[in-house]
Amino acid sequence: MTDIVIARRPASIKPSPSIAARALVTQLRAEGREIIDFTLGESDFDTPPHIVEAAYQAARSGETRYTSSNGTKALRAAIVGKFARENGIDFTEAQVVVGCGAKQLIHAAFAATLDEGDEVIVPTPYWVSYPDMAVVNGGVPVIVPVGEETGFKLTPALLGSAITPRAKWLVLNSPNNPSGAVYTPEEIASLAAVLEQHPQVMLMTDEIYEHFVYDGQTAAAFTRVAPQLAGRTLVINGVSKAYAMTGWRIGYAAGPLKLIETITLLLSQSTTCPSSVSQAAAVAALNGDQSFVREANAIYETRRDRIVGLLDAIPGITCARPAGAFYVYPNVSGLLGKRTSDGTTLNSDLDVSLFLLQEAGVAVIDGSSYGLSPYIRISFATSLDTIDAGCAQFRRAVESLA
Ligand code: PMP
C-alpha cells in the first residue's frame with residue numbers, strides 16, 4: 001500500500017473538540033447510553049418558518065444557480081442594511097462578502113493575508129478554530145493568557161506585550177465563545193488605542209453572538225466604537241446563531257475593499273459561492289421580522305440564570321455569570337485532586353469532562369481545548385428540563401468523589 005504523506009500544516013492541526021465531542025455522544029447513544037449533551041455550539045430552536053418559506057420560494061422560482069462569488073446582490077444589500085440599522089456602521093455592498101459560514105470567511109481572511117511566520121494574536125479562552133486556522137494558513141498563533149481575573153477580557157497591557165513586528169492580526173470575539181464575556185465600549189476604546197500604535201496589526205472582530213447579550217445590555221460593535229481602525233478591521237458575522245441557521249451555512253464579513261476582494265477571489269477558487277437557496281433564506285432572516293431574535297434572547301437569559309444557579313451550588317464548582325453568548329465556563333479547580341469511585345484521580349479539566357461523561361452521562365467540553373484551564377464549557381442552548389436533569393446528574397457524580 002502506498003503511504004499517504006500528509007502535508008506539514010494539516011498534520012499539525014486537531015479536529016474541532018465540539019465536533020469530536022458530538023461524534024463521541026453519537027457513538028455512546030448508539031451503544032444505548034443516555035447522554036445529556038451540553039457540548040452543542042448551536043441553538044436548539046428551529047429556523048423561523050418565514051425564513052424556511054423564503055428558501056422554498058427561491059428553490060421553486062429557479063434561484064438554483066451559481067451566484068456571484070461574493071454573494072447575491074440582494075443578500076449583500078440586506079447585510080449593508082443590517083450593519084446600518086443594528087450597528088450604525090456604513091459599508092458599501094462591495095465591502096461585504098458572503099461565505100459558507102463565518103468559519104469559511106475567517107479561514108479565507110487568514111489565507112488572504114498571512115505569509116509564513118506571520119503572527120495571529122488570540123486571547124484565551126478562544127473559539128477553538130482560530131489558532132488552527134492560522135496554522136493551516138502558515139501563520140503562528142500567539143496565545144495571550146487571559147483569565148477570570150479580568151472577566152476573561154484582554155487588557156491593553158496584555159495586548160501591548162503580545163504585539164511584535166510580525167503581528168498581523170488580533171482576533172477578538174465578543175460576546176465570547178466559550179466565556180460569554182462581552183467587551184464594553186470603554187474596553188474596546190482602550191484596546192483600539194493600543195492598536196493605533198501598531199499600524200501593521202489588523203483587527204478581526206467576530207461578532208457572531210451579538211444578539212445574545214443579557215441583563216438589558218447590548219453588544220458594542222467594534223467598528224462603531226473604533227472607526228479610526230475601520231481601514232484595517234474585518235467584521236465577522238453570520239446568520240447561524242442569531243436565526244438558528246447553523247445548517248444553512250451562511251456567514252458574512254465586511255471590511256476594507258482590498259481584503260474583501262482577495263477573500264472573494266479565494267472563495268471563487270474553492271466553493272464558487274454559497275448555496276443560492278440558503279442565501280435567499282438569509283435575506284429573509286436579515287430583512288424580515290426580528291421577533292425571533294428577541295424571543296430567543298429572553299429564553300437564553302432564563303436558561304443562563306437557571307444553569308448558573310445550579311452549577312454554582314455544586315461543591316467544587318464556581319460559575320461566573322456570562323454577560324452574553326450561550327455558554328457558561330465554570331471553574332472546576334475545586335474538583336482537581338479528588339478521587340473517583342474506581343480510584344482515578346482527577347488531575348485536569350479533561351479528566352473532569354471524561355468523568356462527567358462516564359459517571360454522570362453528561363457531555364461537556366474541557367477548558368484546555370479553549371486554551372484556559374481548569375474550566376469546562378457548558379452550552380445552555382438546550383431546554384430548562386435538560387439543564388435541570390444534567391445539573392442534577394452532575395451534582396450526584398461530584399458528590400460521589402472522595
Ligand atoms: N465564531 C464563533 C465564535 C463561533 O462560535 C462559531 C460557531 N461555533 C463561528 C464563528 C462559526 O459559525 P458559522 O460558520 O456557522 O457561521
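Angles under 35 degrees count as roughly parallel, over 145 as roughly antiparallel, 65 to 115 as roughly perpendicular and the rest as oblique. Helices (H or I, at least four residues) and strands (E, at least two) are DSSP runs, numbered from the N terminus. The model described here is predicted: local features need pLDDT of at least 70, side-chain atom pairs count only at pLDDT 80 or more, and totals for chains, interfaces and linings use all residues. Residues are numbered from 1 along each chain as its sequence is written.

**Domains**

The chain is divided into domain 1 (8-46 + 292-399) and domain 2 (64-287), with bounds that come from an automatic or database domain assignment. Between the C-alpha centres of domain 1 and domain 2 the distance is 26 Å. The contact involves 34 residues from domain 1 and 31 residues from domain 2, where two residues are in contact if their C-beta atoms, placed from the backbone, lie within 7 Å. On the side of domain 1 that touches domain 2, at least two residues each come from helix H1 (8-11), helix H12 (291-312) and strand S9 (327-328). H12 gives the most to this side, with 6 residues. By class, the side of domain 1 that touches domain 2 has 17 nonpolar, 10 polar and 7 charged residues. In this classification Ala, Val, Leu, Ile, Met, Phe, Trp, Tyr, Cys and Pro count as nonpolar, Asp, Glu, Lys and Arg as charged, and the others, Gly among them, as polar.

**Helix packing**

Two packed helices are described by the angle between their axes and the distance between the axes. Axes are lines fitted to C-alpha atoms, for helices over the stretch in contact, and angles run from 0 to 180 degrees between N-to-C directions. A crossing is left-handed if the near helix is turned anticlockwise from the far one by less than a right angle, and right-handed if clockwise.

| Helix pair | Axis distance | Crossing angle |
|---|---|---|
| H3 (residues 49-60) and H11 (residues 276-287) | within 8 Å | roughly 140° |
| H5 (residues 102-113) and H6 (residues 129-136) | within 9 Å | roughly 40° |
| H4 (residues 73-87) and H11 | 9 Å | about 25° |

H3 and H11 are therefore oblique to each other, and their crossing is right-handed. On the H3 side the contact comprises His50, Ile51, Ala54, Ala55, Ala58 and Ala59, which meet Ser276, Val277, Ser278, Ala280, Ala281, Val283, Ala284 and Ala285 in H11. The residues of this contact of H3 with H11 divide into 11 nonpolar, 3 polar and no charged.

H11 also packs against H4. H4 and H11 are therefore roughly parallel to each other, with a left-handed crossing. H4 contributes Ala74, Leu75, Ala78, Ile79, Gly81 and Lys82 to the contact, and H11 contributes Gln279, Ala282, Val283, Leu286 and Asn287. The contact of H4 with H11 has 7 nonpolar, 3 polar and 1 charged residues.

H5 and H6 are therefore oblique to each other, and they cross in a right-handed sense. Lys103, Ile106, His107 and Phe110 of H5 make the contact with Ser129, Met133 and Ala134 of H6. By class, the contact of H5 with H6 consists of 4 nonpolar, 2 polar and 1 charged residues.

**Ligand surroundings**

The ligand is surrounded by 13 residues, and the closest are Gly101, Ala102, Lys103, Gly238 and Ser240. A residue is near a molecule if its C-beta atom, placed from the backbone, lies within 6 Å of it. The shell around the ligand has 3 nonpolar, 8 polar and 2 charged residues.

**Backbone features in loops**

Most residues other than glycine have a negative phi, and most peptide bonds are trans. The peptide bond from Thr124 to Pro125 is cis, with omega near -15°, and Pro125 is located in the loop between strand S3 (119-123) and H6. A cis peptide bond also runs from Ser174 to Pro175, with omega near -10°. Pro175 occupies the loop between strand S5 (167-173) and helix H8 (185-196). Phe152, a residue other than glycine, has a positive phi near 60° and is in the loop between strand S4 (140-144) and helix H7 (156-162).
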